[in-house]
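Dear colleague,

Please find below the structure that I am handing over to you.

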Amino acid sequence: MQKKISTLPFKGTPEQEKQLKAIIEANKDDESNLMKVMQDAQGIYGYLPIEVQKMIAEGMDVPLEKVYGVATFYAQFALSPKGEYNISVCLGTACYVKGSGDIFNKLSEKLGIGAEECTEDGKFSLTACRCIGACGLAPVFTINEDVYGRIGPDEVAGILAKYGA
(Lines give C-alpha, C1' and ligand atoms only; values in the text may rest on other atoms or scores of the structure.)
Protein backbone atom coordinates (compact mmCIF):
# COMPACT_ATOMS: atom_id res chain seq x y z
CA MET A 1 0.00 0.00 0.00
CA GLN A 2 1.41 3.37 -1.02
CA LYS A 3 1.93 5.89 1.75
CA LYS A 4 -0.26 8.97 1.58
CA ILE A 5 1.06 12.42 2.24
CA SER A 6 -0.89 14.40 4.81
CA THR A 7 -3.23 17.13 3.57
CA LEU A 8 -3.46 18.60 7.08
CA PRO A 9 -1.46 21.77 7.72
CA PHE A 10 1.91 21.30 9.41
CA LYS A 11 1.83 22.42 13.04
CA GLY A 12 5.43 22.21 14.19
CA THR A 13 6.54 24.32 17.14
CA PRO A 14 9.74 26.36 17.56
CA GLU A 15 10.76 23.96 20.35
CA GLN A 16 10.41 20.96 18.02
CA GLU A 17 12.41 22.72 15.32
CA LYS A 18 15.15 23.54 17.85
CA GLN A 19 15.32 19.86 18.90
CA LEU A 20 15.53 18.72 15.28
CA LYS A 21 18.22 21.25 14.39
CA ALA A 22 20.34 20.05 17.34
CA ILE A 23 20.02 16.44 16.15
CA ILE A 24 20.91 17.41 12.59
CA GLU A 25 23.88 19.47 13.79
CA ALA A 26 25.23 16.50 15.76
CA ASN A 27 24.92 14.18 12.74
CA LYS A 28 25.37 16.39 9.67
CA ASP A 29 28.92 15.29 8.89
CA ASP A 30 28.02 11.62 8.47
CA GLU A 31 25.40 10.83 5.82
CA SER A 32 25.18 7.27 7.18
CA ASN A 33 23.29 8.79 10.13
CA LEU A 34 20.41 9.90 7.88
CA MET A 35 18.09 7.13 9.04
CA LYS A 36 18.85 7.85 12.71
CA VAL A 37 18.10 11.55 12.17
CA MET A 38 14.82 10.63 10.46
CA GLN A 39 13.87 8.30 13.32
CA ASP A 40 14.64 11.02 15.85
CA ALA A 41 12.65 13.56 13.80
CA GLN A 42 9.66 11.23 13.73
CA GLY A 43 10.01 10.87 17.49
CA ILE A 44 9.79 14.64 17.83
CA TYR A 45 6.93 15.30 15.40
CA GLY A 46 5.14 11.93 15.37
CA TYR A 47 5.50 11.71 11.58
CA LEU A 48 7.66 13.10 8.75
CA PRO A 49 5.82 15.89 6.94
CA ILE A 50 7.50 17.39 3.88
CA GLU A 51 8.56 20.43 5.92
CA VAL A 52 10.57 18.19 8.26
CA GLN A 53 11.99 16.20 5.34
CA LYS A 54 13.23 19.47 3.81
CA MET A 55 14.90 20.50 7.08
CA ILE A 56 16.64 17.12 7.25
CA ALA A 57 17.73 17.23 3.59
CA GLU A 58 19.12 20.75 3.88
CA GLY A 59 20.78 20.15 7.25
CA MET A 60 22.33 16.82 6.25
CA ASP A 61 23.23 18.15 2.77
CA VAL A 62 21.46 15.28 1.00
CA PRO A 63 18.89 15.52 -1.79
CA LEU A 64 15.28 15.79 -0.65
CA GLU A 65 14.54 12.85 -2.96
CA LYS A 66 16.82 10.65 -0.86
CA VAL A 67 15.05 11.59 2.39
CA TYR A 68 11.66 11.04 0.75
CA GLY A 69 12.84 7.72 -0.70
CA VAL A 70 13.89 6.44 2.72
CA ALA A 71 10.65 7.72 4.31
CA THR A 72 8.49 5.93 1.75
CA PHE A 73 10.55 2.72 1.59
CA TYR A 74 10.63 1.86 5.29
CA ALA A 75 7.33 0.99 6.99
CA GLN A 76 8.46 2.56 10.28
CA PHE A 77 8.12 6.06 8.81
CA ALA A 78 4.78 7.85 8.53
CA LEU A 79 4.05 10.75 6.20
CA SER A 80 0.76 11.56 7.92
CA PRO A 81 0.08 12.41 11.55
CA LYS A 82 -1.45 9.83 13.84
CA GLY A 83 -4.60 10.74 15.68
CA GLU A 84 -5.18 10.68 19.40
CA TYR A 85 -6.84 7.35 18.63
CA ASN A 86 -4.92 5.40 16.00
CA ILE A 87 -7.06 2.68 14.48
CA SER A 88 -5.24 -0.19 12.80
CA VAL A 89 -7.26 -2.77 10.89
CA CYS A 90 -5.67 -6.13 10.14
CA LEU A 91 -6.01 -7.02 6.47
CA GLY A 92 -3.95 -10.20 6.76
CA THR A 93 -5.37 -13.35 5.21
CA ALA A 94 -7.24 -14.74 8.24
CA CYS A 95 -8.85 -11.39 9.04
CA TYR A 96 -9.56 -10.49 5.45
CA VAL A 97 -11.44 -13.71 4.66
CA LYS A 98 -13.54 -13.09 7.77
CA GLY A 99 -14.54 -9.58 6.71
CA SER A 100 -11.91 -7.10 7.87
CA GLY A 101 -12.14 -5.31 4.52
CA ASP A 102 -15.78 -4.50 5.29
CA ILE A 103 -14.79 -3.29 8.77
CA PHE A 104 -12.10 -1.07 7.27
CA ASN A 105 -14.61 0.38 4.80
CA LYS A 106 -17.15 1.04 7.59
CA LEU A 107 -14.50 2.79 9.71
CA SER A 108 -13.45 4.86 6.71
CA GLU A 109 -17.07 5.82 6.02
CA LYS A 110 -17.85 6.72 9.65
CA LEU A 111 -14.66 8.76 10.13
CA GLY A 112 -14.59 10.33 6.67
CA ILE A 113 -10.95 9.36 6.11
CA GLY A 114 -9.05 6.75 4.14
CA ALA A 115 -5.97 4.68 4.82
CA GLU A 116 -3.06 6.57 6.39
CA GLU A 117 -5.21 9.64 6.99
CA CYS A 118 -6.15 11.58 10.10
CA THR A 119 -9.40 13.37 10.88
CA GLU A 120 -9.15 17.15 10.70
CA ASP A 121 -9.62 17.43 14.47
CA GLY A 122 -6.66 15.10 15.03
CA LYS A 123 -8.78 12.67 17.02
CA PHE A 124 -8.67 9.58 14.77
CA SER A 125 -6.27 8.09 12.25
CA LEU A 126 -6.81 4.96 10.19
CA THR A 127 -4.19 2.44 9.14
CA ALA A 128 -4.34 -0.88 7.34
CA CYS A 129 -1.81 -3.47 8.49
CA ARG A 130 -0.89 -6.94 7.32
CA CYS A 131 -1.07 -8.92 10.58
CA ILE A 132 -1.28 -8.10 14.24
CA GLY A 133 -0.84 -11.68 15.43
CA ALA A 134 -4.36 -12.28 16.72
CA CYS A 135 -5.62 -14.55 13.94
CA GLY A 136 -7.80 -16.53 16.36
CA LEU A 137 -9.85 -13.37 16.95
CA ALA A 138 -10.29 -12.59 13.24
CA PRO A 139 -11.36 -10.13 12.07
CA VAL A 140 -9.38 -7.80 14.33
CA PHE A 141 -8.66 -4.11 14.66
CA THR A 142 -7.03 -2.04 17.37
CA ILE A 143 -7.63 1.43 18.70
CA ASN A 144 -4.34 2.35 20.33
CA GLU A 145 -3.78 -0.60 22.72
CA ASP A 146 -7.42 -1.80 22.76
CA VAL A 147 -8.07 -4.92 20.67
CA TYR A 148 -11.44 -5.64 19.05
CA GLY A 149 -12.00 -9.08 17.55
CA ARG A 150 -14.74 -11.30 16.20
CA ILE A 151 -16.82 -8.29 15.26
CA GLY A 152 -18.73 -7.18 12.20
CA PRO A 153 -19.20 -3.85 10.43
CA ASP A 154 -22.48 -3.27 12.27
CA GLU A 155 -20.56 -3.02 15.57
CA VAL A 156 -18.16 -0.30 14.37
CA ALA A 157 -20.37 2.69 15.26
CA GLY A 158 -20.83 1.48 18.84
CA ILE A 159 -17.11 0.94 19.29
CA LEU A 160 -16.25 4.37 17.87
CA ALA A 161 -18.81 5.95 20.23
CA LYS A 162 -16.68 4.78 23.18
CA TYR A 163 -13.97 7.11 21.89
CA GLY A 164 -16.24 10.08 21.26
CA ALA A 165 -16.96 9.61 17.56
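A residue is called buried here when its relative accessible area is under 20%, exposed when that value is over 50%, and partly exposed in between. Please note as well that this is a predicted model.

With that cut-off in mind, I begin with strand β3, which spans residues 124-129 and is mostly covered, as 6 of its 6 residues are buried. The side chains are divided between two directions: F124, L126 and A128 point one way from β3, while S125, T127 and C129 point the other way.

Strand β3 has two pairing partners that I would draw to your attention. Strand β1 (residues 85-90) runs parallel to β3, and the two are joined over 6 bridges; within this pairing, I87 stands opposite L126. Strand β2 (residues 117-118) pairs with β3 in the antiparallel sense over 2 bridges. In this second pairing, the bridge partner of E117 is L126. Strands β2 and β3 form a hairpin with 5 residues between them, and G122 in the turn takes a positive phi of about 75°.

Turning to the helices, α3 covers residues 50-60, and its buried residues are V52, Q53, M55, I56, A57 and M60. These buried residues pack against α1, α2 and α4. Just after α3, D61 has a positive phi of about 55°.

- K21 and E17 meet through their side chains, with 2.9 Å from N to O. Both residues lie in helix α1 (residues 14-27), 4 residues apart, which is about one turn of the helix. K21 counts as partly exposed because its relative accessibility is 48%, and E17 is likewise partly exposed, at 32%.

- K28 forms a salt bridge with E25, the closest N and O atoms being 3.2 Å apart. With a relative accessible area of 34%, K28 is partly exposed.

- K66 and E31 form a salt bridge at 2.3 Å, N to O. This pair links distant parts of the chain: K66 belongs to helix α4 (residues 64-73), whereas E31 sits in the loop between α1 and α2 (34-45), and the two are 35 residues apart. K66 is partly exposed at 37% relative accessibility, and E31 is partly exposed at 40%.

With kind regards

Technical notes. Residues numbered from 1 in each chain as written. Predicted model: local features only at pLDDT ≥ 70, side-chain atom pairs only at ≥ 80, totals over all residues. Heavy atoms only, no water. Salt bridge = Lys/Arg side-chain N within 4 Å of Asp/Glu carboxyl O. Buried < 20%, exposed > 50% of the residue type's maximum accessible area, 1.4 Å probe, protein only. Contact = heavy atoms within 4.5 Å. Pairing = 2+ DSSP bridges.
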